[in-house]
Amino acid sequence: MKTLAARVAELEAGGVRYAGCYQRALEYRRGSVTTFAGSMWIALDDVPAGVQPGSNVALWQLSQKGEPRAGKQTEGRQQ
């Protein structure tokens, strides 16, 4: 029973970890959430650097589809 309780505590402690905008130089851990091309992706396993979201269905799952933007918008003006 102690082993099960320890495992549940470990799983609940993890939660969702937002890792910001995708950066190809970074590695992502299982459960990491990142945004890429206007969409939100979750890492299904540990992801090596350079494997972008959407390129490998064994490593990434689309969580929320968005629309990619051509440029950054600030205060209603295109930059």
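Reply: This is a predicted model. Start at Thr35, which stands opposite Met40 in strand E3. Thr35 also has a partner on another strand: in E2, Cys21 is bridged to Thr35.

E2 and E3 (residues 39-43) run antiparallel and are joined by four bridges. Val33 belongs to this pairing too, with Ile42 in E3 as its bridge partner. The two strands make a hairpin, with two residues between them. Ala37 sits in that turn and has a positive phi of about 50°.

Now the Cys21 side. Strand E1 (residues 17-21) and strand E2 (residues 32-36) run parallel. Three bridges hold this pair together. As a general point, strands of a sheet pair through backbone hydrogen bonds, in either a parallel or an antiparallel way.

Step back to the whole sheet. It is open and has four strands, in the order E1-E2-E3-E4, and the pairing is mixed. E1 and strand E4 (60-64) stand at the edges. Each of these two has a single partner strand, so one side of each lacks a neighbour in the sheet. From one strand to the next, the twist averages 30°.

One more point for reading side chains: in a regular strand they alternate between the two faces of the sheet.

Key. Residues are numbered from 1 along each chain as its sequence is written. This is a predicted model: local features need pLDDT of at least 70, side-chain atom pairs count only at pLDDT 80 or more; totals for chains, interfaces and linings use all residues. Side-chain values use heavy atoms; hydrogens and water are left out. Two strands pair if DSSP finds at least two bridges between them. Axes are lines fitted to C-alpha atoms, for helices over the stretch in contact, and angles run from 0 to 180 degrees between N-to-C directions.
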